[in-house]
Amino acid sequence: MSVVGFDIGNENCVIAAVKQRGIDVLLNDESKRETPAVICFGERQRLLGSAGAASAMMHPKSTISQVKRLIGRNFKDPDVQNDLKLLPFETSGGQDGGILIHLRYLGEIHTFTPVQIMAMLFSHLKEITEKDLEMPVSDCVIGIPSYFTDLQRRSYLNAATIAGLKPLRLMHDCTATALSYGIYRTDFDNAGPTYVAFVDIGHCDTQVSIVSFEAGHMRILSHAFDSSLGGRDFDEVLFGYFAAQFKEHYKIDVYSNVRACLRLRAACEKLKKVLSANAEAPLNIECLMDEKDVKGFIKREEFERLASGLLDRITVPCRKALAESRISVGKIHSIELVGSGSRIPAIGKLLTSLFGREPRRTLNASECVARGCALQCAMLSPVFRVREYEVQDSFPFSIGFSLNEGPVGTGSNGVLFPKGQPIPSIKVLTFQRSNLFHMEAFYANPNELPPGVSSQISSFTIGPFPGSCSEKARIKVKVLLNLHGIVTVESAMLMEDHAEGHARRGNAHPEVDKIEVDSVASSTKLENGDDDDLTIHARSSDASANGMKDKASRRLEIPVSEKVYGGITESELSEAKEKEFQLAQQDKIVEQAKDQKNALESYVYETRNKLFNTYRSFASDREREGISRNLQETEEWLYDDGDDETENAYTSKLKDLKKLVDPIESRYKDEEARAQAKRDLLNCIVEYRMSVNSLSTEDRELIMNECNKAEQWLRERTQQQDSLPKNANPVLWSKEIKCRTEDLDLLCKRILERKGSPLNSEDKKGTDHQE
């Protein structure tokens, strides 16, 4: 069983696996530690990861990247519209308000959801993992941003399910980073907690967490974020700067050309990295558009001035995280800076000014999330033994529940799980109801959410009730905020109380009787048996003194149905699985055809070389001419009509060529094999001639006659073979000589075994000794 952690970035993905010697970051087919989060649809197959990124320039409108920004989002969201302006593929809004992606594939226009595209990426990462570990992979932990909504989290789980993965947990990026930072450290102060600020500046977002570390324990005190501030925004500053320059100096409008935009953005990203280590940097792009070569130049000071607005925004989540953690700046032990967008020097200076100390880069900025996820997966898996370490994460949003009559929970806004609630958490609600009822889950404070996110989460229908309830019954509803950060109604129970002698009736009950809070660490999930299971509650003597009699409670399970706003149904999930299977099969067919084409091409070149070197003396002039002609025709076909053919077409061509070449190859190979077979037969003859001295005259003559016959046969056949040219089919094949050797050996052994000859006794002793 494997233990794997996935970090799905906006631009790149990292896979980490726990092995016996520690945590390894797995390499992809190109031996790189990061795999591009890109899916490209070619004419006949999908190109995933590195292959997709390499083909993006050729197929810009059918290449999907940055799908992490689109999954679980509403098409009309202003931030989504801003993101889509930077992406070249065609999109539209779905019936549920989600995003639909349209592209051409196999000569038709296909429509996919971001969940399906993410599933393709998961499938590719799963394939890389299984190839590296050489075993099936299912259990995993996946890193997600802390600002992901309930719908986005469910979308990740659906995508993983389509890909055949089984996530044990969706883990916040900063929590995974903190785990990989803290689990092996032994320098924490025993006098009290050590507070560390983690600042993760990714490709498209910024996340900040304040974490408390103690021996064997870590606790997330606060999460803060800016979901639209990352490294790509700094790239976009450079892009806008040079686009304006090129329009002025070269009279070209980069924005009007999709390929030019892609090339300039890629160049600006490289330029940003150069500026991180140098005070100035040039930019040169050949044939950007309209066959014009362009040049540019910028100093780091100018870049920082242009990006001053972005730099100021970085301090906002940092200050917010500090405020919500209720920890003063002076108590922060260190600031850990991670993420692909964190290498800009100005960011380090800004954080130094804010926290009063220079940020550290203890962790690998690109791999820490994947490593933390792999560690968490090992902790959740029964296969690996990991040191005892408690990870207490918190939820960044307030979640409320409501009924038709009004909110459920504390306060007027119905908050059931307040912001900062540890996850997982369980709360039990007790109602008085006579028939089915509905509950709504929602975000209680819209200001906590990323811009444009709906406050609605899901609705639950509790009922119908089992049996008949003429009067209001006591209903217990268990609400779970699970490890993934997803809120759901786990179960609902109808509690029937039966008092001895007469039914006990209470006074009028409010609609919501009470709320019980259970921590997951100390609670166990109830396994409900049949409807007539009874649980007996022993009463204290004080209760009996008050005239209350012993009673039994019967728990009856009530069905719960859930509707997730914007989510997909089970039937849609099944359809997506089937679609992914069909796409994978098509990819497999194309890959097999490519492999067979490569095999045919290699055979053509290898055979042509051998035909005039190794096989030269074993082929007649007529054979060489015929094979050369066929090789040339096959080569021309490969680069013309056969450039994009089926696997069967390549197999058929290869088979036809081998029919011509195999006789020559057989002559060549059999010459050496024949020489060895002749040596073996002669050695066998010599051995048995030497073993006849102790035999009777009759047996000696039998063996000598057989040896003489074999020797005479070999001499005559060898003379016939030697009289033939090498390019003629042999009259003496090595397999004939081997058969004659085996016959001679078998016959002589029978004679020796019959008489119990010394040779046979020695053989037996040797065999017994070996055994």
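Residues are numbered from 1 along each chain as its sequence is written, and side-chain values use heavy atoms, with hydrogens and water left out. Because the model is predicted, local features need pLDDT of at least 70 and side-chain atom pairs count only at pLDDT 80 or more, while totals for chains, interfaces and linings use all residues.

**Helix packing**

Two packed helices are described by the angle between their axes and the distance between the axes. Here axes are lines fitted to C-alpha atoms, for helices over the stretch in contact, and angles run from 0 to 180 degrees between N-to-C directions. Helices (H or I, at least four residues) and strands (E, at least two) are DSSP runs, numbered from the N terminus. The table sets out two pairs.

| Helix pair | Angle | Axis distance |
|---|---|---|
| α6 (231-249) and α7 (258-277) | about 115° | 9 Å |
| α13 and α15 (647-690) | about 25° | 9 Å |

The angle for the second pair makes α13 roughly parallel to α15 (angles under 35 degrees count as roughly parallel, over 145 as roughly antiparallel, 65 to 115 as roughly perpendicular and the rest as oblique). α13 passes α15 in a left-handed crossing, whereas α6 passes α7 in a right-handed one. A crossing is left-handed if the near helix is turned anticlockwise from the far one by less than a right angle, and right-handed if clockwise.

Which residues touch? Contact means heavy atoms within 4.5 Å. On the α6 side, the residues include Phe234, Phe239, Phe242 and Phe246, and they meet residues of α7 that include Cys261, Leu264, Cys268 and Leu271. This contact has 10 nonpolar, 1 polar and 5 charged residues. For these classes, Ala, Val, Leu, Ile, Met, Phe, Trp, Tyr, Cys and Pro count as nonpolar, Asp, Glu, Lys and Arg as charged, and the others, Gly among them, as polar.

Between α13 and α15, the contact is made by residues including Leu600, Tyr603 and Val604 of α13 and Leu654, Leu657 and Val661 of α15. By class, the contact of α13 with α15 has 10 nonpolar, 4 polar and 5 charged residues.

**Pocket and cavity**

On a 1 Å grid over the protein atoms alone, a cavity is a set of points where a 1.4 Å probe fits but cannot get out, and a pocket is an open set with protein on both sides within 12 Å along at least five of seven lines; lining residues have an atom within 4 Å of a point. Grid points are joined across faces, edges and corners, and a volume is the space filled by probe spheres set on the points.

The second largest pocket holds about 960 Å³ of space. Its lining has 41 residues, with Asp96, Gly98, Gly566, Gly567 and Ile568 nearest the centre. α4 gives the most to this lining, 6 residues, and the lining divides into 15 nonpolar, 19 polar and 7 charged residues.

A search of the whole structure finds 4 cavities of 30 Å³ or more. The largest cavity has about 110 Å³ of space, and Arg69, Arg73, Tyr147, Gln152 and Ser227 lie nearest its centre among 13 lining residues.

**Backbone spots**

Most residues other than glycine have a negative phi, and most peptide bonds are trans. A cis peptide bond joins Ile423 and Pro424, with omega about 5°; Pro424 sits in the loop between β23 and β24. Another cis bond, also with omega about 5°, joins Gly463 and Pro464. Cys287, in strand β16, has a positive phi near 50°.
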